[in-house]
Amino acid sequence: MAKQDTAGHAPKFEMDRCKAVPALIGNHEDFLIVSGLAGTSKDMASLTGDAANLYTMAGAMGAATAMGLGLALAQPDRRVLVITGDGELLMNVGTLATIAVLNPSNLSIVCVDNGHYGETGYQKSHTSRGVDLEQMAIGAGIKMTCTVEREDQLGDASRLLRETNGTSFVVLRVSPEEPPKVKRLMEPAAARARFRNALLGRP
Amino acid sequence: MALSKTEQNDTERGWQHDVYDVLRAHDVTQFSYVPDAGHAILIDLSIADAQVHSIALTTEEEGVALAAGANLGDARAVLMMQSSGVGNCINFLSLMKGGKFPLLTLVSMRGEYGEGNPWQMPMGQAVRPVLEAMGVICMDVCTPDEAVPTVDAAATMAYKANNAVAVILTQKLLGAKAF
């Protein structure tokens, strides 16, 4: 029998990420965004047109959440969104504990969970084998969490990302299909300068 | 009653207080660390300072990524870690090198001058080679007098010229631990 998740049933990895991610995020200009390597960076580059409020990554696997924390503490008047995959989040899942202790009210984390390591050939990740990342976030002490696996749950989750009472965490379960194909700025120093220029008016 | 390191220092202001003041003078507002005896005073000063964020990490590489995020948002971070933590940071240092993000880290050494714990030796001896392999400039502090000017110089090189810089607080400075 399949293991049960936080909601008490076997997890469903069924939604189309190319539709579900844009529906969850809504207006991307509400956020400063850090996206994790591979899939979620493609999701966000597609959604935003590789905009200057987005810093995408293609390496340093596991860095996105802590990077978002540094940005959120530096910019308390802006909402910061970290969007990353299940594989990357699992690599530094302890960062959820680091974040929960501080509980910055302007930070939201989305894990696009397809249960697989898509970039390396769709090998199963731990979340396909019973690991529940929302439960791990709850255990870390993040108070506002939810798991989305059906379209009718997207609206509440989208509002949760804009809550101001503390850090929020959303698991978005999607099917293991390819993210959007999109060109994005892959040079990390140029991306840094672009992000800072847009936010601060200087590199 | 045994005094904590901070209480001892309340009666005798040490170089660690001056290093903290230098970091604040450079407008460092994010102090991250995995708890460590060598950095105890700096950590306690950051906890007591309402003007800064004191960030306890679960592993040191979080502090590297944190510093990159801080820079995106125009804040300055310092990562305080023990030499063993350097090994945890290596892949994340590609973010700093590739992105030309500033990084200032203070490394309290084990596994070198006078070390008696064989478990500390391999990583302690590898600190400078692995940091330099990832493009981090290393500067040693061997006496209390060197601490403030070295941290001041490192902070300038990091925050003004976008370098990754490690200040190595040697066991000549800190003393070899008795355990």
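Begin with both chains in view and select the contact between them: 27 residues come from chain B and 27 residues from chain A. The model shown here is a predicted one.

**The side of chain B that touches chain A**

Colour strand E2 (53-56), helix H4 (61-72) and helix H6 (93-99) of chain B; each of these elements supplies at least two residues of the side that touches chain A. Helix H4(B) gives the largest share of that side, eight residues. Sorted by class, the side of chain B that touches chain A holds 14 nonpolar, ten polar and three charged residues.

**Where H3(A) meets H4(B)**

To display the contact, show A:Ala66, A:Met67, A:Gly68, A:Leu69, A:Gly70, A:Leu71, A:Leu73 and A:Ala74 on H3(A), together with B:Glu62, B:Ala65, B:Leu66, B:Ala67, B:Ala68, B:Gly69, B:Ala70 and B:Leu72 on H4(B). By class, the residues of this contact divide into twelve nonpolar, three polar and one charged.

**Where H3(A) meets H5(A)**

H3(A) passes H5(A) in a left-handed crossing. For the residues that meet, select A:Thr65, A:Ala66 and A:Leu69 in H3(A), and A:Thr95, A:Thr98 and A:Ile99 in H5(A). This contact of H3(A) with H5(A) has three nonpolar, three polar and no charged residues. A:Ala66 and A:Leu69 also belong to the contact of H3(A) with H4(B).

**Helix H2 of chain B**

Finally, return to chain B and select helix H2 (residues 15-25), where the buried residues are B:Gln16, B:Val19, B:Tyr20 and B:Leu23. Turn the view to look down the axis of H2(B): the buried residues fall within an arc of 100°, so they line one face of the helix. An α-helix has 3.6 residues a turn, so residues three or four places apart point the same way. The last stop is B:Asp27, which follows H2(B) and has a positive phi, near 65°.

How values were computed:
Residues are numbered from 1 along each chain as its sequence is written. Chains are lettered from A and ligands numbered from 1 in the order in which they are written. This is a predicted model: local features need pLDDT of at least 70, side-chain atom pairs count only at pLDDT 80 or more; totals for chains, interfaces and linings use all residues. A crossing is left-handed if the near helix is turned anticlockwise from the far one by less than a right angle, and right-handed if clockwise. Helices (H or I, at least four residues) and strands (E, at least two) are DSSP runs, numbered from the N terminus. Two residues are in contact if their C-beta atoms, placed from the backbone, lie within 7 Å. Ala, Val, Leu, Ile, Met, Phe, Trp, Tyr, Cys and Pro count as nonpolar, Asp, Glu, Lys and Arg as charged, and the others, Gly among them, as polar. A residue is buried if 20 or more other C-beta atoms lie within 10 Å of its own, exposed if 12 or fewer, and partly exposed in between; C-beta atoms are placed from the backbone. The arc is that of the directions from the helix axis to the C-beta atoms.
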